[in-house]
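Dear colleague,

Please find below the structure that I promised to hand over. My notes on what was found in it follow directly after.

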Amino acid sequence: MPDGAVSSLDAYVEGGGGRALAEALKRGPEEIIDEVRRSGLRGRGGAGFPTGIKWRTVREDPCPTKYFVCNAAEGEPGTFKDRWLLRMNPYQVVEGVAIASHAVGAKLAYIAIKAGFEQEIVRLRGAMDEMMARDLIGPVPVELIAGPDEYLFGEEKALLEVIEGNDPLPRIVPPWMEGLFRTLDSPNPTGVNNVETLANVPHILREGADWFRSFGTDDSPGTMLFTLCGDVRHPGVYELPMGFSLRELVYTVG
């Protein structure tokens, strides 16, 4: 993750940005999904579901219409890691969305975010405009959707409802079975990942699955962002390897 804010697309490209998407477009969807699967990347939104398996499920669904959604509606109390990522390096997140959308075969992608996240929206819009102008956003169009500040908006099925113009109320069937703008004849399976998950994807495509597995544990490879706040001396957002204990986080870092 970035040590400091990436201020422009030029700075992002100079640091290797855009290479992962270019590589993904050369290698094709199946190879991308296999690389992500081998990396062991799990969702960073809470459930920890294997990302490669989720993408493959959407990709292999016989329905020809598919979508992809980035969940940027972070809402857990005291959590700020996704917003921090969007402020520091929105380009990396957008590149991750572009790669994921290509991998699952989406016709359209959305980044859904709370309207109250004004600084993050400004950063995202600027990054998307710059990347589209330089043809660095890939073949799948990406739209930004600003939704309500309600807590339920962050739940992935409620997120789909908001994109469709409805209230943020969860559905029963998961998005990979019934996705955006579904009908009886077309379930439109939809891949949904949160900001942090997608921010890892360009690194995995550039450096490889084995590199990603050099951090963390065998079952949960990689690093993860932790928001530390409350009665601690050093509050902040910290990137640490998976397997780092809660005791170490609070008493050593905090």
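**Surroundings of L240**

Leaving aside neighbours within four places in sequence, L240 is in contact (heavy atoms within 4.5 Å) with T223, M224, F226, L249 and V253. L240 belongs to strand β6, residues 236-241; strands (E, at least two residues) and helices (H or I, at least four) are DSSP runs, numbered from the N terminus. Because its relative accessibility is 12%, L240 counts as buried, a term that means under 20% relative accessible area, with exposed meaning over 50% and partly exposed in between (1.4 Å probe, protein chains only).

Please note that this is a predicted model, in which local features need pLDDT of at least 70 and side-chain atom pairs count only at pLDDT 80 or more, while totals for chains, interfaces and linings use all residues. Residues are numbered from 1 along each chain as its sequence is written, and side-chain values use heavy atoms, with hydrogens and water left out.

**Helix α7**

Helix α7 comprises 16 residues, 118-133, and reaches 23 Å from its first C-alpha to its last. This is close to the 22 Å expected at 1.5 Å a residue, the expected span being 1.5 Å times one less than the number of residues. The buried residues of α7 are E120, I121, L124, A127, M128 and M131. They lie on the same side of α7 because they cover an arc of only 135° around the axis, taken from the directions from the helix axis to the C-beta atoms. The elements that cover these buried residues include α1 (9-14), α5 (81-88), α6 (90-104), β2 (108-114) and β3 (142-147). On the face turned away from the buried side are the exposed residues E118, Q119, V122 and A133. D135, which follows α7, has a positive phi, near 60°.

**The largest pocket**

The largest pocket holds about 830 Å³ of space. On a 1 Å grid over the protein atoms alone, a pocket is an open set of points with protein on both sides within 12 Å along at least five of seven lines, and lining residues have an atom within 4 Å of a point. Grid points are joined across faces, edges and corners, and a volume is the space filled by probe spheres set on the points. Of the 33 lining residues, G45, G46, A47, N71 and N194 are the closest to the centre of the pocket. Two or more lining residues come from each of α4 (51-60), α5, β4 and β5 (223-228).

Yours sincerely

How values were computed: On a 1 Å grid over the protein atoms alone, a cavity is a set of points where a 1.4 Å probe fits but cannot get out, and a pocket is an open set with protein on both sides within 12 Å along at least five of seven lines; lining residues have an atom within 4 Å of a point.
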